[in-house]
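Subject: Structure handover

Hello,

Here is the structure I promised to pass on. Please look it over, then read my notes below.

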Protein chains: 2
Amino acid sequence: MIDRLCIVGVGLMGGSLALALRREHHVGEIVGTSRDEENLARAVELGVIDRYELDPGKAADGTDMVVLAVPLGAMETVCCSLRGSLSPETILTDVGSAKAWVVEAVDRAFGGIPENFVPGHPIAGTEKSRVEAAFADLYYRHRVILTPLENTTVRALGGVREMWEGTGAIVEETTVEHHDEVLAATSHLPHMLAFTLVDGLARLGDHEDVFRYAAGGFRDFTRIASSDPVMWRDICLGNRKALTRMIGYFREELDRVNAAIEAGDGQTLKDIFTRAKAARDSFHIG
Amino acid sequence: MIDRLCIVGVGLMGGSLALALRREHHVGEIVGTSRDEENLARAVELGVIDRYELDPGKAADGTDMVVLAVPLGAMETVCCSLRGSLSPETILTDVGSAKAWVVEAVDRAFGGIPENFVPGHPIAGTEKSRVEAAFADLYYRHRVILTPLENTTVRALGGVREMWEGTGAIVEETTVEHHDEVLAATSHLPHMLAFTLVDGLARLGDHEDVFRYAAGGFRDFTRIASSDPVMWRDICLGNRKALTRMIGYFREELDRVNAAIEAGDGQTLKDIFTRAKAARDSFHIG
């Protein structure tokens, strides 16, 4: 049970966390903060948060847990404005998609990593990003990856774990580096492919026919290209090394496929597609 | 109204066509044929076809319309076994995803293009491919692209159009070349990206974590990697030129994205993602 929770950035992620904790009675008061007062007022109206403050320091004051749910590019600025407002008991966590980036931002902002800071990343989301899109089941049965650091306290880690378990999420722990590698593969690379494909096709001469002739497979494949551009710019910059490495790996694989098509090598193509189908069919992600 | 219809290859595509025409009372008798007797017996059991013949020539005998719904690689063989069995009135059409390939196969098999042949391609499908997956609404409000040739008769074109309109599909006409270019962009390239990604990730060292940490976006993005490997091998070989050209175009675009990430060029990334989101949000494909 969290008596008072501060959510910095009340969009899809922060708002859904608030709704889930509230529904399960795992939280007392929820204070929101962000740069966008209209958004905060809407969040109060929707019953997502109880009240808001425009100053993150004031919002965090007297709270047990502060959750950073802003785009990666805003993490450092937000942390700077929290400096001096967190009591020694206040636990700090985040939902950022690139953990090394957040850890560095926190380190710079606070002049060292606070021992109550637990980097976290719920593997959930939709292509929508505003508080109107928030819903209490966003995290239900989804994984939340925590990447505790050497000086993270057991109390802080336990508190963040308990919060996420309160939403119905499955909590796991790994290292910052491993998280960033795996997310580059399963999330950041696919988003790059979808954005690149849709932008590339939109700039073709006959793009109207292209989109008119598109079917369900294309719709599903490109859904993630509707994601928030600023958020994804930040993720690219925040996980640059692992992401460019994965893009390089993908390019080599694509070159092999292309070479097989050019050579009319049906056996190689069938082998690749068969392995891919077997792997895809064995995911337990629905 | 088609008095007697022959469907060659009673899988998802052929089976769904049968179910739709039957439901709308646009067909009298439906005769199925394929190399797989078990599948044909199942299709009779499911009420998809009325009866079957293992010999395509016998199945086509006395029918008004013959629909080729086999993988591209089987088109020529099937057409060879139809030679001599089609009456001058029988209309021949197909559902293949690469039109130039089918036209060449028909040309070779019949020693010239029959004037009653209308190449067609319904832009519909799922990642499933067997008759059990067939459903009457597969084509409803989906586009069917017909690519009539110089010697195609108006009667044949009208008959095929009427058949597809009977399923609730929206029928359009274009050239073989334009069809193959556009499909390379919207269907064949995305399938290559999905197959390549899933196979590449499955061969990574820590692929269990990779798939375990995958979320809804990845699930949608990779759904098409569950498609039938043989069908897709055939499509790659059947639309080789247009597809390798599109892969080359995509690679250049991906290189630009990668260069921007490496250079930390947030503005270029944001521009690309913003254009992609705007294009994706404006599709009217749901």
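Chain B can be laid on chain A by a turn of 180° and a shift of 0.0 Å along the axis, with an RMSD of 0.0 Å. The superposition is by least squares on the C-alpha atoms of residues with pLDDT of at least 70 in both copies. That is the relation of a two-fold axis. In chain B, the C-alpha nearest the axis belongs to Phe221(B), 2.1 Å from it. Both copies use the same surface: 100% of the contact residues of chain B recur in chain A. Two residues are in contact if their C-beta atoms, placed from the backbone, lie within 7 Å.

Before you go further: this is a predicted model, where local features need pLDDT of at least 70, side-chain atom pairs count only at pLDDT 80 or more, and totals for chains, interfaces and linings use all residues. Residues are numbered from 1 along each chain as its sequence is written, while chains are lettered from A and ligands numbered from 1 in the order in which they are written.

The chain contact

The contact takes 76 residues from chain B and 76 residues from chain A. Several elements give two or more residues to the chain B side, including helix H7 (176-202) and helix H11 (240-262) of chain B. Helices (H or I, at least four residues) and strands (E, at least two) are DSSP runs, numbered from the N terminus. The largest share of that side, 17 residues, comes from H7(B).

The domains of chain A

An automatic or database domain assignment gives domain 1 (2-174) and domain 2 (178-282) of chain A. Their C-alpha centres lie 30 Å apart. The contact takes 14 residues from domain 1 and 16 residues from domain 2 of chain A. On the domain 1 side, the largest share, 3 residues, comes from helix H5 (residues 99-110) of chain A.

A sheet in chain A

In chain A, 3 strands form an open sheet in the order E7-E8-E9, with mixed pairing. Strands pair if DSSP finds at least two bridges between them. The edge strands, E7 (120-122) and E9 (170-173) of chain A, each pair on one side only. Strand E8 (residues 143-146) of chain A pairs with E9(A) in the parallel sense over 4 bridges. Here Arg143(A) stands opposite Ile170(A) in E9(A). Helix H6 (residues 154-165) of chain A packs on the sheet and touches E7, E8 and E9 of chain A.

Best wishes

Definitions and conventions: Axes are lines fitted to C-alpha atoms, for helices over the stretch in contact, and angles run from 0 to 180 degrees between N-to-C directions.
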